[in-house]
Amino acid sequence: STIDTYVTAQFDADVEALLKLIPDKMMDYMLEEDGYDSSDLDDFIDETEELLQEQLDSLDSYLGEGWTTEYEILYTEDLKRDDLDAIKDSYEDRDVKVSAAKTVEVEMTVKADETESSNTLEISLIKVGRSWYLDMMNMGGLF
């Protein structure tokens, strides 16, 4: 469900849904790193939605109206031992308690009229409490 929310929110320019995929303590850290504080969250959301919408508008101009997306999960790998310990350690510094992690390979396909393009990406996930979140430290960013 984390992957579905991520993909859907990306193509709906729904930044608030994307932010729910990041643990709160990690979100606070990321805002601070980008020069924001918690009172600037609305500004951050507005600016990020604008950026994401520009990317979608660019796709509209390239592909035309009515393009669609679909995705398929190709494989999932649970991280173990040293890999998991390294992730736990990196989040521990930010007071985020990771209990599990995995890498998911996803094939994204964009279709428009006679055009079809696919791209494969790896999405890193972490489990905090009972929920799965995006592993922002290993993904490098939301977009």
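## Burial and overall form

Of the 143 residues in the protein chain, 37% count as buried, where buried denotes a relative accessible area under 20%, exposed over 50%, and partly exposed in between (1.4 Å probe, protein chains only). This is a predicted model, in which local features need pLDDT of at least 70, side-chain atom pairs count only at pLDDT 80 or more, and totals for chains, interfaces and linings use all residues. Residues are numbered from 1 along each chain as its sequence is written, and side-chain values use heavy atoms, with hydrogens and water left out.

The protein chain contains 6 helices and 4 strands; helices (H or I, at least four residues) and strands (E, at least two) are DSSP runs numbered from the N terminus. Along the sequence these elements follow the pattern α-α-α-α-β-α-β-β-β-α. Taken along the principal axes, the C-alpha atoms fill a box of roughly 45 × 40 × 20 Å. A contact is defined by heavy atoms within 4.5 Å. Among contacts between residues at least 6 apart in sequence, 63% join residues at least 24 apart.

## Surface and charge

The protein chain exposes about 8800 Å², of which carbon and sulfur atoms supply 40%. Accessible areas come from the Shrake-Rupley method with a 1.4 Å probe, and for residues only the protein chains shown count as cover.

A patch of negative charge on the surface gathers Asp12, Asp14, Glu16, Asp42, Asp43, Asp46, Glu47, Glu50, Glu54 and Asp57. Patches are made of residues with over 30% relative accessible area and no salt bridge, like charges being joined within 9 Å and nonpolar side chains (Val, Leu, Ile, Met, Phe, Trp, Tyr) within 5 Å. Helix H4 (residues 41-63) gives the most to this negative patch, with 7 residues. Aspartate 12, one of the patch members, is found in helix H1 (residues 2-12). Aspartate 12 is classed as exposed because its relative accessible area is 53%.

## Salt bridges

A salt bridge is a side-chain nitrogen of Lys or Arg within 4 Å of a carboxyl oxygen of Asp or Glu. By this rule the count comes to 4 salt bridges. One of them joins lysine 25 to aspartate 95, with the closest N and O atoms 2.8 Å apart. This pair links distant parts of the chain, 70 residues apart: lysine 25 lies in helix H3 (residues 24-33), and aspartate 95 in the loop between helix H5 (81-92) and strand E2 (98-112). Lysine 25 is partly exposed at 43% relative accessibility, and aspartate 95 is partly exposed at 41%. Aspartate 95 also meets lysine 97 in a salt bridge (3.9 Å, N to O). Lysine 97 counts as exposed, with 53% relative accessibility.

Glutamate 107 is placed in strand E2 and is partly exposed, with a relative accessible area of 26%. Glutamate 107 and glutamate 72 are 35 residues apart in sequence, yet their C-alpha atoms are 5.3 Å apart in space. Not counting residues up to four places away in sequence, glutamate 107 touches Glu70, Tyr71, Glu72, Leu74, Ser118, Asn119 and Thr120.

Valine 110 is also in strand E2. Its class is buried because its relative accessible area is 17%. With residues up to four places away in sequence left out, valine 110 touches Leu63, Trp67, Thr68, Thr69, Thr115, Glu116 and Ser117. Serine 124 lies in strand E3 (residues 115-128) and counts as buried at 12% relative accessibility. Leaving aside neighbours within four places in sequence, serine 124 is in contact with Lys102, Tyr133, Leu134, Asp135, Asn138 and Met139.

Definitions and conventions
Lys and Arg count as positive and Asp and Glu as negative; His and the chain ends are not counted. The place of a charge is taken as NZ of Lys, CZ of Arg, CG of Asp or CD of Glu.
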